[in-house]
Amino acid sequence: MTKRIWNFSAGPAVLPESVLEEAKENLLSLGSTGIGILEHSHRGKAFIAVYEETVALCREVGGIPSDYQVLFLQGGASTQFFSIPMNFLTADQTADYLVTGSWSEKAIEEAKRFGKTHIACSSKDKNYSYIPKAISYSEKPAYVHFTSNNTIFGTQWAAEPEIPAGTDLICDASSDIFSRPIDVTKYGMIYAGAQKNLGPSGVTLVLMRNDLVERGAKDLPPMLQYRTHAKNDSMYNTPPTFAIYLMGLVLKWIKANGGLAGVGERNAAKAGKLYAYLDQSKLFKSTAATDSRSQMNVTFVTGNEELDAKFCSAATKAGFDGLKGHRSVGGMRASIYNAFPPAGIDALIDFLKKFEAENA
Ligand SMILES: *Cc1c(COP(=O)(O)O)cnc(C)c1O
């Protein structure tokens, strides 16, 4: 087999090797069914068992209470950007958005189609390099939306923002879902495209409290109403069967690795090592404010664009892929989601040291 390299892609991203091996075995025949996982009907017994196991693992790993739905939807997190206001915001209401990066901006833009919006805080003044401390809400927000981890800018909320009584917290957790312990009861809804921490692209995990499911607009096409998917176990239409299967394997892997507490510790150690190196480096520096640093996406620069480019091309040659930063930040970004192995962090730090010594 071709040697696997260190994959720092921001998404779709690296998956646990044991998960890929297990999926590979089940491509030709899922268990002893004689039919591959990609070929099973979503209405058949074999796939229903896969679906039920994935939901059960999700509930167990995430500590999801029984009054929350676990839905597998399509259209990516980007579809949630408009589905949320379409369902929960009317023209006379205001939805509050905590704007901490490009994904938050996209989310609030979609809400403007359906009702009024209020920016409760923003870190745009410093190119989204920090998580604001002061939040100022509108009088009666229909809901409060925030992005828990800012994939592009390398910042992350250390804890959920406090919200006013009588509203619901909605979170785009696409790039840090199940990367650390979470108290789901603080949220009305959590959603995440799977392709960063949970599996392949093609499925979006939506966790939603039942009363929100019920509250959603009733005059929308059925596919755009959450209740349709809740009522039909995410099988109103053909679900992304393979992506659901793979998410189940990833959840099993999380469970075997100590659950959210275990992966949380591992992620903190991985990111901590990398930031510790950057903090003492004379060449590289982290771009995010110290108290706002992401454990998932570590953004850093040399301060010299030519040197950044030289680093990226040398890194690619040395077997480190996907380190080029997003164009809105420049420099470098190491995406080190759940499945990124600790040994890859050590290898990267060795390479950074070597580059620093050669380019001091
Ligand atoms: C990647 C990402 C998205 C976009 O997800 P799609 O599944 O491509 O629509 C949205 N929000 C955040 C925080 C992301 O990291």
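This is a predicted model: local features need pLDDT of at least 70, side-chain atom pairs count only at pLDDT 80 or more; totals for chains, interfaces and linings use all residues.
1. Basis. Local features need pLDDT of at least 70, side-chain atom pairs count only at pLDDT 80 or more, and totals for chains, interfaces and linings use all residues. Residues are numbered from 1 along each chain as its sequence is written, and side-chain values use heavy atoms, without hydrogens and water.

2. Ligand shell. The ligand is surrounded by 13 residues (a heavy atom within 4 Å). S78, T151, D172, Q195 and K196 are the closest. By class, the shell holds 3 nonpolar, 8 polar and 2 charged residues (Ala, Val, Leu, Ile, Met, Phe, Trp, Tyr, Cys and Pro are nonpolar; Asp, Glu, Lys and Arg charged; the others, Gly among them, polar). Helix α3, residues 76-88, gives the most, with 4 residues (helices are DSSP runs of H or I, at least four residues, numbered from the N terminus).

3. Polar contacts (N or O pairs within 3.5 Å). A polar side-chain atom of T151 sits 2.5 Å from a ligand oxygen. For Q195, a polar side-chain atom is 2.9 Å from a ligand oxygen. D172 places a side-chain N or O atom 2.6 Å from a ligand nitrogen.

4. Largest pocket. Its volume is about 280 Å³ (the space filled by probe spheres set on the grid points, joined across faces, edges and corners). A pocket is an open set of points on a 1 Å grid over the protein atoms alone, where a 1.4 Å probe fits, with protein on both sides within 12 Å along at least five of seven lines; lining residues have an atom within 4 Å of a point.

5. Pocket lining. The lining divides into 8 nonpolar, 5 polar and 4 charged residues. Its largest share, 3 residues, comes from α3.

Conventions:
A polar contact is a pair of N or O atoms within 3.5 Å; within protein, one must be able to donate a hydrogen and the other to accept it, and residues adjacent in sequence count only if both atoms are side-chain atoms. Helices (H or I, at least four residues) and strands (E, at least two) are DSSP runs, numbered from the N terminus.
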